[in-house]
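I opened my notebook to write down what I looked up here. Here is the structure I was working from.

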Amino acid sequence: MKPSINWIMISTMSNRQVLSKAFYRSLPVMAGYIVLGTGFGILLRNAGYGVVWAFAMSCFIFAGSMQYVGISLIAGGAGMITTILTTIMVNARHIFYSISMIDKYKGAGKYKPYMIFALTDETYSLLVDDKGPSEETLNKYRFFVSMFNQCYWIIGSVIGSLLGAVLPFSTAGIEFSMTALFIASFTEQWLTSKDHSSAVTGLVCTVLCLIVCGPDNFLIPSMLLITLVLTLLRAREEKKK
Amino acid sequence: MTAAILIAVMALTTMALRFLPFLIFGKKTPAYISYLGRVLPQAIIALLVVYCLKDVSFADAPHGIPEIIAGGAVAAMQAWKRNPVMSILLGTALYMIMLHVIG
């Protein structure tokens, strides 16, 4: 009997270890999500939708920038088609996050559906190069990191919704936290990678499309142009080989 | 009621975007898709930065100066400490203070 008891102990210990490693890994996202989530909760409350709505959106949509955009859709009483198209435009990048996780999430079993559902910008940037505490616990670890992140996001949006009504100072400008988040990710990616051609492609193509198409219609053209340029860059590289 | 429907539509569309690549390419990933998966994230983050700043008017006062200063502070802080939380908090606080002072 002894070996089996030992085995159980090791297994539960490592479970807890995985949980604490995942918690530690998720810490950088904690404050960011609580700030961003709070900003979202406040804006949603200002638009006339209280805590239940904030909670529901953070549970079921769980996509930061989409939820910010969603406030104006809901408040403006947007139509079904507009809502679908806007969601596709704002969230199209998730297709690419998923594409780059296809190989990594292979064999994640029961953890996989939630990990795919919860693949946000930040979770993606935490997990894309993370090997986890050990190979056999990797997927459990990824699952926990994803879950911790969603908890912060939900907590933040609920806090924001509740605080929004009573905050003694102006919250104007809180929405910059989203911009700051992406600038920080961009800087981090720039510093950690040697090849900047993709980052530069993204920047140049998007600015170009913004100038040509204007601020309301440039997202889809930008994405198409970026994909085209990156495809051409790959073709050129293949030729060199 | 309409709000609940719109939220459900947003949730389902977002899920579809996240799940479809796994459903379509999950069995065998073509080399081209793997390549896109590798290089796209950096370009997309760049796109998101521009997207967030799309409504800033550099021609009218305050000429995007709060965005430039706060955004620069985020990048500098990130390059210095490599701590996204600190960078975000610093940049957002700076931005809110500047808006308060100007407004």
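What share of the contacts in chain A with a separation of 6 or more comes from residues 24 or more positions apart? I got 76%. Two residues count as in contact if their C-beta atoms, placed from the backbone, lie within 7 Å.

Ground rules first. I am reading a predicted model, where local features need pLDDT of at least 70, side-chain atom pairs count only at pLDDT 80 or more, and totals for chains, interfaces and linings use all residues. Residues are numbered from 1 along each chain as its sequence is written, while chains are lettered from A and ligands numbered from 1 in the order in which they are written.

Entry on chain A. I found eleven helices and zero strands, taking helices (H or I, at least four residues) and strands (E, at least two) as DSSP runs numbered from the N terminus. The C-alpha trace spans about 70 × 60 × 35 Å along its principal axes. Of the 241 residues in chain A, 46% are buried, that is, each has 20 or more other C-beta atoms within 10 Å of its own, with C-beta atoms placed from the backbone.

Entry on one helix pair. I picked helix H3 (residues 64–75) of chain A and helix H4 (residues 80–91) of chain A, whose axes come within 10 Å and cross at roughly 155°. Axes here are lines fitted to C-alpha atoms over the stretch in contact, and angles run from 0 to 180 degrees between N-to-C directions. So H3(A) is roughly antiparallel to H4(A), a label for angles over 145 degrees. On the H3(A) side I noted Ser65(A), Met66(A), Val69(A) and Leu73(A), and on the H4(A) side Thr83(A), Thr86(A), Thr87(A), Val90(A) and Asn91(A). This contact has four nonpolar, five polar and no charged residues. My classes: Ala, Val, Leu, Ile, Met, Phe, Trp, Tyr, Cys and Pro are nonpolar, Asp, Glu, Lys and Arg charged, and the others, Gly among them, polar.

Entry on the two chains together. I see 71 residues of chain A in contact with 62 residues of chain B. Helix H9 (residues 176–192) of chain A gives the largest share of chain A's side, 15 residues. That side divides into 45 nonpolar, 22 polar and four charged residues.

Entry on confidence. The mean pLDDT (the predictor's confidence in each residue, from 0 to 100) of chain B is 89, and 98% of its residues reach 70 or more. The model scores ipTM 0.86 and pTM 0.72.

How values were computed: Buried ≥ 20, exposed ≤ 12 C-beta atoms within 10 Å, placed from the backbone. Parallel < 35°, antiparallel > 145°, perpendicular 65-115°, else oblique.
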